[in-house]
Amino acid sequence: MINRINLVLQAKNITARQFAEEIGIQPSGMSHILSGRNNPSLEFIKRVITRYPEISMDWLVNGT
């Protein structure tokens, strides 16, 4: 999932900090997810889908 999150950041041309602010999480939480320290929670996924409805949950979670 980290690779797909990075693809979203590249496609939107935004930083991880900007992405965190847009979905309403702490930048440190975003950093922990991208580093692999923490797994994305269901709440994180819901926030991403709510903010970016064009992103498929199946794609984000499973890569399909």
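Predicted model: local features only at pLDDT ≥ 70, side-chain atom pairs only at ≥ 80, totals over all residues.
Let's start with helix H4, which spans residues 42–51. Four of its residues, Phe44, Ile45, Val48 and Ile49, are buried. Looking down the axis of H4, you will find these buried residues within an arc of 130°, so they line one face of the helix. Their packing partners are helix H1 (2–12), helix H2 (16–23), helix H3 (27–35) and helix H5 (57–62).

Now follow Phe44 to its aromatic partner. The model holds two aromatic pairs. In one of them, the ring centres of Phe19 and Phe44 are 6.5 Å apart and the planes stand at 55°; the pair is therefore tilted, as the angle lies between the 30 and 60 degree limits. This pair joins distant parts of the chain, with Phe19 in helix H2 and Phe44 in helix H4, 25 residues apart. Phe19 is buried at a relative accessible area of 1%, and Phe44 is buried too, at 3%.

Phe19 also pairs with Tyr52, this time in a stacked arrangement, with 5.8 Å from centre to centre and 5° between the planes. Tyr52 is buried, as is Phe19. Taken together, Phe19, Phe44 and Tyr52 form one aromatic cluster.

One last stop is Arg51: its charged end sits over the ring of Tyr52, 4.8 Å from the ring centre.

How values were computed. Residues numbered from 1 in each chain as written. Heavy atoms only, no water. Buried < 20%, exposed > 50% of the residue type's maximum accessible area, 1.4 Å probe, protein only. Helix = DSSP H or I, 4+ residues; strand = E, 2+ residues; numbered from the N terminus. Arc of directions from axis to C-beta. Contact = heavy atoms within 4.5 Å. Phe/Tyr/Trp six-rings, centres within 6.5 Å; stacked < 30°, edge-to-face > 60°. Lys NZ or Arg CZ within 6 Å of the ring centre and 35° of its normal.
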